[in-house]
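User: Please take a close look at one part of this structure and describe how its pieces pack together.

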Amino acid sequence: MTRHRVSHGSNYGIRYVNGANIQGTAVKTPYTIREEPVGTAKHVRIVGIGAGASGINMIRTLRRNLVNYEHVIYEKNDKVGGTWFENRYPGCRCDVPSHNYQFSWRPNHEWSNFFSPSAEIGQYLNRVCEEEHMMDTIKTRHKVVGAWWDEDRGLWDLSILNLETGEEFRDQANFLVDASGILNFQGDLVHTASWPKDFDHANKTVAVIGNGSSGIQLLPAIQPDVKKLYHFVRTPTWIIPPRIMSMMVMGGPAKSILGEIELDEKENFTQRQIEKFKTDPAFYRRFVKIIEQDINGAFPLVLNGGPVQKFATAGVVQYMTAALGGDEKLCKALVPQFPLGCRRITPAPGYLEALRAPNTEVVTEPIAAIVPEGIQLESGEIIKLDAIICATGFDNSFVPRFPIVGRRGNVQDIMRADKPKGYMSCALAGVPNYFNFFGPNAPIGHGSVFTLSEHIARYIARAILKCQVEGIKALAPSDEAVADYNEHVAAFMPRTAWSAPCKSWFKGGREDGPVTALHPGSRLHFFHMLERFRGEDWDYVYDNPARNRFHYLGNGFSTKELDPEGDSTWYLEEEADRL
């Protein structure tokens with residue numbers, strides 16, 4: 001039986017020659033020259049999952065960098081926007097400054113507020129898709145329900161459900177790009193991630209379960225209108241002062257320009273300020289870059305025992321204590337003892353003040369059950385409610401929402417069985433031609449996902465382009481590379497507050513354990529890491545029958561000399577000697 005293996009000694013590139021079972025006999029397929037110039041890109045089909053910010057940006061990145069390809073995105077929702085389509089609860093907004101929570105290639109000078117409300121971000125994403133003519137690539141109300149890798153064909157077989165018709169059909173792809181990111185109760189049960197348009201909370205007795213980023217935005221938005229509000233808190237959380245105040249106190253780069261920005265008491269930009277953003281491009285560019293510098297400089301906050309963390313912790317404790325009016329019970333329930341940054345650091349204007357309102361009660365006793373009347377506590381007490389709002393977070397296990405069957409079986413089973421491990425957050429060992437945004441140990445807590453997505457998309461595009469022009473049928477990160485990368489992650493994380501004992505989605509909802517949700521370094525560290533495609537970390541299977549890695553060299557000519565519109569003496573330009 002003659003076998004052809006991928007490089008690096010992997011077992012996943014085995015091929016049988018002409019279907020023959022010739023054990024112990026070596027059969028070499030004759031090598032022939034590829035009659036095309038080096039640089040010729042083969043045709044590929046790319047299927048994307050999800051049309052949030054990452055999926056939308058992927059369309060543009062592929063358009064700018066690839067030729068001879070087709071691309072379709074399946075989006076399960078009625079519209080594009082991802083989380084900004086799904087999250088519509090009162091008070092929902094981004095906690096990253098608006099002008100830095102946008103595509104670098106599509107600035108919006110007209111954001112209404114320093115921190116954009118969710119509806120405005122959703123409108124921005126829809127407008128980008130329409131004006132950039134992206135909707136012909138996106139199929140809304142289509143849900144990927146299964147993906148199976150075919151080694152012989154080097155293709156993904158996909159099962160797609162049309163949510164309008166109920167029809168399930170098959171598709172296939174050379175590359176799969178995944179940008180996807182309860183109870184018996186007689187009253188209204190609502191989750192912040194699926195807020196009903198017709199839900200009316202006014203004059204009701206309402207429970208808000210959870211004090212993560214969704215819960216602390218929602219609570220002050222509904223507190224004035226409800227009859228009674230019970231806030232169930234399991235774990236304290238750090239609530240930092242309003243972000244603009246924090247920027248000024250920390251003395252970072254933003255302090256130098258915030259004094260030049262006109263805002264009202266609700267942090268809305270004045271109309272004069274918006275006009276200046278539109279008519280003074282140099283000022284606007286300086287503003288965006290300085291705020292970005294400030295965001296990039298936040299990493300020292302989470303380094304254990306550092307001076308920045310100590311200074312910030314003292315300031316946040318003082319702020320929270322003052323905002324809670326020094327109430328001993330509330331301070332004990334809400335001011336953490338674990339390090340600043342162990343859980344997500346969140347600004348929440350009005351949240352702490354709303355907890356002191358006469359119609360608000362903070363409950364720290366554990367919930368035993370949801371019962372027809374409301375919520376039963378472990379003590380047996382039943383709190384009678386008209387509505388329960390769950391702001392309890394999301395599944396951070398990295399288990400895909402549907403079967404993805406690679407070389408070693410279903411990724412769902414693999415992720416459930418062991419600590420999630422990926423390669424630079426965007427690929428998995430044993431899962432060829434598959435890329436994902438914000439997989440294990442991605443920098444999801446490091447600032448705007450828009451610019452993060454742009455860097456990840458370029459990295460993915462480089463990998464696909466390499467396959468197109470070098471005759472690569474399949475590629476996947478090697479086991480050795482993934483093991484080495486995760487060894488570094490595990491060794492680095494104890495330096496950070498993320499690994500301290502506290503229940504956090506950074507650790508998959510556990511109090512202790514490995515940090516699986518965050519990148520081991522700063523935001524710029526992540527960008528730097530992705531600048532070059534590390535080809536040595538990958539296993540390859542080649543298109544040509546002889547499995548010769550240099551088959552792509554072709555007939556001796558280059559596409560650079562055969563392109564009538566190209567510059568065949570590019571190497572004489574000044575920029576040619578830059579690495």
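The axes of helix 1 (residues 53-65) and helix 13 (residues 449-470) come within 9 Å and cross at roughly 45°. Axes here are lines fitted to C-alpha atoms, for helices over the stretch in contact, with angles from 0 to 180 degrees between N-to-C directions. Helices (H or I, at least four residues) and strands (E, at least two) are DSSP runs, numbered from the N terminus. Helix 1 is therefore oblique to helix 13; angles under 35 degrees count as roughly parallel, over 145 as roughly antiparallel, 65 to 115 as roughly perpendicular and the rest as oblique.

This is a predicted model: local features need pLDDT of at least 70, side-chain atom pairs count only at pLDDT 80 or more, and totals for chains, interfaces and linings use all residues. Residues are numbered from 1 along each chain as its sequence is written, and side-chain values use heavy atoms, with hydrogens and water left out.

In helix 1, the residues that meet helix 13 include Ala53, Met58 and Leu62; on the side of helix 13, Phe450, Glu454 and Arg458 are among them (contact means heavy atoms within 4.5 Å).

An open sheet of five strands has the order 3-2-1-7-20, with parallel pairing; two strands pair if DSSP finds at least two bridges between them. Its edge strands are strand 3 (138-140) and strand 20 (434-436). Strand 20 pairs with strand 7 (residues 175-178) over three bridges, and valine 177 stands opposite phenylalanine 435. Helix 13 packs on this sheet, touching strand 1 (44-49), strand 2 (69-75), strand 7 and strand 20, and its direction makes about 170° with that of strand 20.
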